[in-house]
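Dear colleague,

I am passing on the structure below, together with notes on what came out of going through it. Please read the notes with the coordinates open beside them.

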Amino acid sequence: MIRRSLMGLAAAAVALPGLAFAQQAAPAPAWAQGRPAEMANSPLAPHPPRLTNTPPERIPTAALRVPEGFQVELWAHGLPGARVMVRGPDGTIFVGTRAIGRVYAVRDNGNARTVTTLMQGLTQPSGLAVRDGALYIAAMNRVLRIDNIEQNLQNPQPVELTEAFGQAPEPHHGWKHIAFGPDGRLYIPRGVPCNICEFDGEKFALIESWNPDGSDRRIEARGVRNSVGFDFHPRTGQLWFSNHGRDWAGHNNPSDTLHVNLRSGEHHGFPWCAGGFQDPAASEPTRLCNEFPPPARVLGPHVAPVGTHFYTGTQFPEQYRNALFVAFQGSWNREPLSGFEVVVVREAEGGRLVQEPFMTGFRDDAAQKFNGRPSGLLTMPDGSLLVSDTDNGAIYRVTYRR
């Protein structure tokens, strides 16, 4: 399906009487796969995660900007690696992470938030979902369920569901975002195990759904390189998901994208097409971009959309009702930087989708630096919006004052 880049093997042989030794060079890291030879010395590389607590005074709340009428406050801190957020029926906010391997529980007494570590030592437990009082955790290589979670915060007893859900062990793009759909099924993506390569299309570059017990696997979307953010439209129930384009194809190609899945099993273009970019690395037989449904929105090159969340509250003004908020964690494979913000995608006149900045101030364009990476989004019962910041281990609360 894909032309593999042949990597040269550096061998050193030492001749001894009757014996020869050959040593193979260490393979390139996974993130460098597909890097062209002319960029071998490029300084571009993923940003190392910050895995220590950031004191509140160093969290850049005052630098953040939102539209007129909105306010931002620091709601919780001390959650290194904070990523996806889900809410239990009794109000506990559960927070998943990647590199640090923790799942946090945040309790709100009305004046302050208490953060505890619910579980640790997991492998990239970024996927969380709540159903019938149970917390589902999708780590890179495991699926767990903790029943009656809010009655067992001090002594969680996970039920192992890994075998039932049959998750692939490959680490590259193996981290998860999960959610229950309006059909009661648990949706789980499987990213492609590479930057761009040959892969089994029945196993990777998919979004699948399952019964809550891991039975009745169904492929909902194909040709999805790496989706770590999706939600279901509050009115139609349709699956909307963001998708990461590949690296090392240029500073402006391909763009990350937003899609709506109109039918089960629909193919969205990877590896041949991403946001109108016809990938030259795709081998014969070539499939053209016009063979696939176009994305609902082209989000921008290398912006890294993570949190993808429909606002379901009523506190925000009318134009934000049922609008889709997307958290851009921000680029590493691009000069200049892109992303590092929260945008809103909403319907304008004529049904067209418009994309507008909503929460900015994380990116310093002049210095080409960033001071935070928004990741997760969650509508609260009072209509406020929580935004997690994986770099600062923080959660911000956005409110609107009428």
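Both faces of strand E30 are covered, with Leu385, Val387 and Asp389 buried on one side and Leu386 and Ser388 buried on the other, so named because helices (H or I, at least four residues) and strands (E, at least two) are DSSP runs numbered from the N terminus. In total, 5 of the 5 residues of E30 are buried, where buried means under 20% relative accessible area, exposed means over 50% and partly exposed lies in between (1.4 Å probe, protein chains only). Please bear in mind that this is a predicted model, in which local features need pLDDT of at least 70 and side-chain atom pairs count only at pLDDT 80 or more, while totals for chains, interfaces and linings use all residues. Residues are numbered from 1 along each chain as its sequence is written, and side-chain values use heavy atoms, with hydrogens and water left out.

The sheet around E30 is open and has 4 strands in the order E3-E31-E30-E29, with antiparallel pairing; two strands are taken to pair if DSSP finds at least two bridges between them. Strand E3 (70-77) and E29 stand at the edges with a single partner strand each, so one side of each is left without a neighbour in the sheet. The twist averages 25° from one strand to the next, with axes being lines fitted to C-alpha atoms (for helices over the stretch in contact) and angles running from 0 to 180 degrees between N-to-C directions.

On one side of E30, strand E29 (residues 374-379) is joined to E30 by 4 antiparallel bridges, and here Pro374 has Asp389 as its bridge partner, while Thr379 stands opposite Leu385. These two strands form a hairpin with 5 residues between them, and Gly383 in the turn has a positive phi of about 90°. E30 also pairs with E31 in the antiparallel sense, over 5 bridges, with Val387 partnered by Tyr396. That hairpin has 4 residues between its strands, and Gly393 in the turn has a positive phi of about 60°.

The largest nonpolar core contains 22 residues, of which Phe316, Phe325, Val342, Phe358, Met359, Leu385 and Val398 touch the most other members; such a core is a set of buried Ala, Val, Leu, Ile, Met, Phe, Trp, Tyr and Cys residues joined through side-chain atoms within 4.5 Å. At least two residues of this core come from each of strands E24 (324-328), E25 (341-347), E26 (353-359), E30 (385-389) and E31 (394-400), and the largest share, 3 residues, comes from E31. Leaving aside neighbours within four places in sequence, Met359 is in contact (heavy atoms within 4.5 Å) with residues including Leu64, Val66, Val342, Val387 and Val398.

A further open sheet of 4 strands runs in the order E23-E24-E25-E26, with antiparallel pairing. Its edges are strand E23 (305-310) and E26, each with a single partner strand, so one side of each lacks a neighbour in the sheet. E23 and E24 pair over 4 bridges in the antiparallel sense, with Pro305 opposite Phe328.

Finally, Arg190 is found in strand E13 (residues 186-190) and is buried, with a relative accessible area of 8%. The side chain of Arg190 reaches the backbone oxygen of Gly166 at 2.7 Å.

With best wishes

Terms used: Polar contact = N/O pair within 3.5 Å; in protein donor to acceptor, adjacent residues only side chain to side chain.
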